[in-house]
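Open the model in your viewer and keep the selection tool at hand. The tour goes stop by stop: select, look, move on.

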Amino acid sequence: MTFKRPSGAGLAAFAVGLFAATAAYADPTVNKGDNAWMMTSTVLVLLMTVPGLALFYGGLVRSKNMLSVLMQVLYTTCIVMIIWALYGYSITFTGGSAYIGGFSKAFLAGVTPDSMAASFTADANISELVYFCFQMTFAAITPGLIVGAFAERTKFAAIALFIPLWVTLIYFPIAHMVWYWAGPDAIVAAAKALAAAAPDAKAAAQAKLDEVMADAGQVFLWGALDFAGGTVVHINAGIAGLVGCLIIGKRTGYGKELMAPHSLTMTMIGACLLWVGWFGFNVGSNLEASGTAGLAMTNTFLATAVAAMAWMFAEWMTKGHPSLLGAASGAVAGLVAVTPACGYSGPMGAMVLGLVAGVVCLFFCTVIKNALGYDDSLDVFGVHCVGGIIGALATGILVNPALGGTGVMDYVAGKIGDYDMVTQMISQCKAVATTLVWSGVGSAILFKVVDVIVGLRVNVEVEREGLDVTEHTERAYNM
């Protein structure tokens, strides 16, 4: 085989082709490695929900209500996915206002296999359909957490009506306020245009940059940090669960009859599936398979392990015995607390966070719950809301580079910004307060509306017999 040297005309044609290929390569493209990781993360978050959350909750109720919990979680997952495709994605992740997006992507208009979504690095993109699916799994698991607060006494019809209303009026606005922003590409491009602008064009370039920076949700504009859902998922669902259990009332016989979990084996399986799936939840929220993803992975391991041990040993010291349920609950509390901080905290900070979360959540699930007498069936408030608040506030401290944190990227300056603890903590407190008020008040109104339309609670006879047979004409076990 011989190689013939091209002529002058051939060299010119070759150069033109090479230039065209190089120019095409320089266009924004999807990073296949990041894309593959995000597809994996998306499936892991689904694993958290069904079967993870379903089995975790199912094992904690009495056997006569096992199937009802599985059904509620499965229904929630499916109905939210449908709503997300119809309009949820659009009103969450498009511009419009600081509080809610628009309908430009309703019914997935304009979202094609070729469209791209930004990550946290300029020119690093993933497929928009993958981003759509990833965020869809977040929307699906969040209301699923709520049903554990009033398990064993709520009509399925009430759940069926409440969930679509709640995700539409509570979840989508909170997610928009916390997570929606113009993205790094738009900010970096506007900053470069300002730097390169002639003196007479500086004002217009600055106005454009200001416009891009203002295209974000209200909580994001405050500067609050939530890497993977401390406010959006856990505080949001946790306070809604508390409101629900207070409005619906206690289970018949609560405080007088034994209501022990019917299968801690199932609960352990569910807890472990939650932990495995949580790597998609936390690590996937980086949107890139980068070093920060590795940090989030490390923190998800360490905070969870420390929280499980903190809960177990605290229970051992106060009650005289360590329990499997305590260790599993502590692990979930650690996962919840590290969620907002996982991509910002250093590993040692995450371990301290896990220690605090394990002890404080135990205190709320036992001492506070017993003192106030509310029947939060599966400790949704004590674990998710309290753990989420701990994590959200701690994120403002642990992000400090002096404490091993990552700091916060300033995309305009192209470097990590200066850390101000007071300013950051004010932002975190405003995010927590906004979520508590929006979800707490909004959920109370929705529960009342549902109660008027279909009724919230089954009658005493139905509750005594169990929701599996009365609501679904099935049994979880036929032995």
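## Stop 1

Select Glu-152 and Arg-251: they form a salt bridge, with the closest N and O atoms 2.6 Å apart. A salt bridge here is a side-chain nitrogen of Lys or Arg within 4 Å of a carboxyl oxygen of Asp or Glu. Glu-152 sits in the loop between H4 and H5, and Arg-251 in the loop between helix H9 (230–248) and helix H10 (264–283). That pair links distant parts of the chain, 99 residues apart. Helices are DSSP runs of H or I with at least four residues, strands are runs of E with at least two, and both are numbered from the N terminus. Glu-152 and Arg-251 are both buried. Buried means under 20% relative accessible area, exposed means over 50%, and partly exposed lies in between (1.4 Å probe, protein chains only).

Before moving on, note that this is a predicted model: local features need pLDDT of at least 70, side-chain atom pairs count only at pLDDT 80 or more, and totals for chains, interfaces and linings use all residues. Residues are numbered from 1 along each chain as its sequence is written, and side-chain values use heavy atoms, with hydrogens and water left out.

## Stop 2

Side chains of opposite charge can pair when their charged atoms come close. A search of the whole structure finds 8 salt bridges. Select Glu-128 and Lys-105, one of the pairs, with the closest N and O atoms 2.5 Å apart. Glu-128 is in helix H4 and Lys-105 in the loop between H3 and E1, so this bridge ties together parts 23 residues apart in sequence. Buried or exposed? Glu-128 counts as buried, at 5% relative accessibility. Lys-105 counts as partly exposed, at 24%.

Go to Lys-369 and Asp-379. Their side chains meet in a salt bridge of 3.0 Å, N to O. Lys-369 lies in helix H13 (residues 347–372), and Asp-379 in the loop between H13 and helix H14 (380–398). The two are 10 residues apart in sequence. Both Lys-369 and Asp-379 are buried.

## Stop 1: aromatic rings

Show the rings of Phe, Tyr and Trp. A search of the whole structure finds 25 aromatic pairs. Rings (for Trp, the six-membered one) pair if their centres lie within 6.5 Å; planes under 30 degrees apart count as stacked, over 60 as edge-to-face and the rest as tilted.

Pick Tyr-89 and Phe-132. They are edge-to-face, 5.4 Å centre to centre, with 85° between the planes. Tyr-89 lies in helix H3 (residues 66–92) and Phe-132 in helix H4 (residues 128–146), so the pair ties together parts 43 residues apart in sequence. Tyr-89 and Phe-132 are both buried.

Next, select Phe-120 and Trp-181. Their ring centres are 6.1 Å apart and the planes meet at 20°, so this pair is stacked. Phe-120 is in the loop between strand E1 (116–118) and strand E2 (125–127). Trp-181 is in the loop between helix H5 (156–179) and helix H6 (184–196), 61 residues apart from Phe-120. Phe-120 is partly exposed at 33% relative accessible area, while Trp-181 is buried at 16%.

Then select the cluster linked by ring pairs: Trp-84, Tyr-87, Tyr-89, Phe-93, Tyr-131, Phe-132, Tyr-171 and Phe-172.

## Stop 2: Thr-42

Select Thr-42 in helix H2 (residues 32–60). At 10% relative accessibility, Thr-42 is buried. Its side chain reaches the backbone oxygen of Met-38 at 2.7 Å. What does Thr-42 contact, leaving aside neighbours within four places in sequence? Look for Val-130, Cys-133, Phe-134 and Thr-137. Contact means heavy atoms within 4.5 Å.

## Stop 3: Arg-464

Jump to Arg-464 in helix H16 (residues 460–465). Arg-464 counts as partly exposed, at 43% relative accessibility. Beyond neighbours within four places in sequence, Arg-464 is in contact with Lys-64, Thr-252 and Glu-257.

## Stop 4: Ile-453

Finish on Ile-453, found in helix H15 (residues 421–453). Ile-453 is exposed, with a relative accessible area of 54%.

Methods. A polar contact is a pair of N or O atoms within 3.5 Å; within protein, one must be able to donate a hydrogen and the other to accept it, and residues adjacent in sequence count only if both atoms are side-chain atoms.
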